[in-house]
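Welcome, and thanks for taking a look at this one. Please open the model below, and we will walk through it topic by topic.

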Amino acid sequence: MEHMPKLNSIAYQGVPGAYSHKACLEIGEGIDAVGCNTFEGAIAAVVDHKADLAMLPVENSTYGRVADIHRLLPESGLHIVGEHFLRININLLGVKGSRLSDVRKAYSHSVLLGQCRDFLIRNDIKPVPAADTAGSAELVLAENSRETAALASDLAAELYGLDILVRNVEDREHNTTRFLLMAREPYLSAPEDGTVLTTFVFTVRNLPAALYKALGGFATNGVNMVKLESYMIDGSFTATQFYADVVGHPEEPRLARALEELKYFTSHMKVLGVYPIELRR
């Protein structure tokens, strides 16, 4: 994150010990991590100058897209200034002295429960959805029962004084979450030798083959599109918005031409951020 100015604080959704909290701690030493109840709250903390950045999870390699994030980003008023990848090592946490054979139910966020479904089935443990992962560790501490466990990070175990009964119970070894870092102002104003991503959203016009034509400019100009997702707008089945990540800076000639061509076939297009590609991508 060398391109970023000096940071004092990062807002995240969750309570101390959440994976988003752990991601914040990896950004740099001495940065305050500010927990918020919701994704909207983390965004508002930056807008209201209560934090310098927001750390928002957008997708997981096992579970897929994080719900609601794509809807929030275009209207947040913030800019994407970086990406961060966190390897999600899921641990089964229990009260002091408990063992795997004692556990009958496990609390965690529904997304995390889905990432270790096989482990839960094999060990006949009932999954119980909770608001978040670190909050689940709090619940286990409060219940103080050997039959109750939480699926959470090693940081949560440390913060809430729980034992790690089994480490790395996730079903997929590649289990990784991608986060976006959001700020009030953009950080990159010039191209950086093809090592940046540009993220934007667009809505195609109601014309035959509009999406095909809209994307044609990226192919003819040799622009690498690494992500394209669609989602409904305001619950409408006829209004679809697309979210895209492409390699390059909008001021580079090839991408500039592709974006200009895109505008002919869209009713709305908005760049959400231009930022360096993370080395772990």
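Asp124 is found in the loop between helix H5 (117-122) and E8, where helices (H or I, at least four residues) and strands (E, at least two) are DSSP runs numbered from the N terminus. This is a predicted model, in which local features need pLDDT of at least 70, side-chain atom pairs count only at pLDDT 80 or more, and totals for chains, interfaces and linings use all residues. Residues are numbered from 1 along each chain as its sequence is written, and side-chain values use heavy atoms, with hydrogens and water left out.

**Loops with positive phi**

- Asp124 has a phi near 50 degrees, a positive value in a residue other than glycine.
- With a relative accessible area of 65%, Asp124 is exposed; buried means under 20% relative accessible area, exposed over 50%, and partly exposed in between (1.4 Å probe, protein chains only).
- Asn144 lies in the loop between H6 and E9, and its phi is also positive, near 50 degrees, in a residue other than glycine.
- Asn144 is exposed, with a relative accessible area of 56%.
- As background, most residues other than glycine have a negative phi.

**The sheet around E7 and E8**

- An open sheet of 5 strands has the order E8-E7-E9-E6-E10, with mixed pairing; two strands pair if DSSP finds at least two bridges between them.
- Its edge strands are E8 (126-129) and E10 (163-166), each of which pairs on one side only.
- From one strand to the next, the twist averages 40 degrees; axes here are lines fitted to C-alpha atoms, for helices over the stretch in contact, and angles run from 0 to 180 degrees between N-to-C directions.
- E7 (residues 105-108) and E8 run parallel and are joined by 4 bridges, and Lys105 has Lys126 in E8 as its bridge partner.
- Helix H6 (residues 133-143) lies across E6 (91-94), E7 and E9 (148-152), running at about 160 degrees to E9.

- Strand E1 (residues 9-13) is mostly covered, with 5 of its 5 residues buried.
- Ser9, Ala11 and Gln13 point one way from E1, Ile10 and Tyr12 point the other way, and all are buried.
- In a regular strand the side chains alternate between the two faces of the sheet.
- E1 pairs with E2 (residues 32-36) in the parallel sense over 5 bridges, with Ile10 opposite Ala33 in E2.
- The chain passes from E1 through H1 to E2 in a right-handed β-α-β crossover; right-handed means that, with the strands pointing away from the viewer, the path from the first strand over the helix to the second runs clockwise.
- E1 also pairs with E3 (residues 53-60) in the parallel sense, over 3 bridges, and Ala11 stands opposite Ala54 in E3.

- Ser20 lies in helix H1 (residues 19-27) and counts as buried at 8% relative accessibility.
- Not counting residues up to four places away in sequence, Ser20 touches Tyr12, Gln13, Met55, Pro57 and Phe179; contact means heavy atoms within 4.5 Å.
- Gly41 is found in helix H2 (residues 39-47) and is partly exposed, with a relative accessible area of 24%.
- The C-alpha atoms of Gly41 and Gln13 are separated by 7.4 Å, although the two residues are 28 residues apart along the chain.

**Helix H8**

- In helix H8 (residues 210-220), the buried residues are Ala210, Ala214, Gly217 and Phe218.
- Seen down the axis of H8, these residues fall within an arc of 100 degrees, so they line one face of the helix; the arc is that of the directions from the helix axis to the C-beta atoms.
- Tyr212, Ala219 and Thr220 are exposed on the other side of H8.
- The buried residues of H8 pack against strands E12 (196-204), E13 (225-232) and E14 (240-247) and against helix H9 (253-264).
- Gly222 follows H8 and has a positive phi, near 65 degrees.

**Nonpolar cores**

- The largest nonpolar core has 46 residues, of which Leu53, Met55, Ile90, Leu92, Leu93 and Leu151 touch the most other members; a nonpolar core is a set of buried Ala, Val, Leu, Ile, Met, Phe, Trp, Tyr and Cys residues joined through side-chain atoms within 4.5 Å.
- A second, separate core of 25 residues includes Ala51, Leu73, Leu197 and Tyr275.
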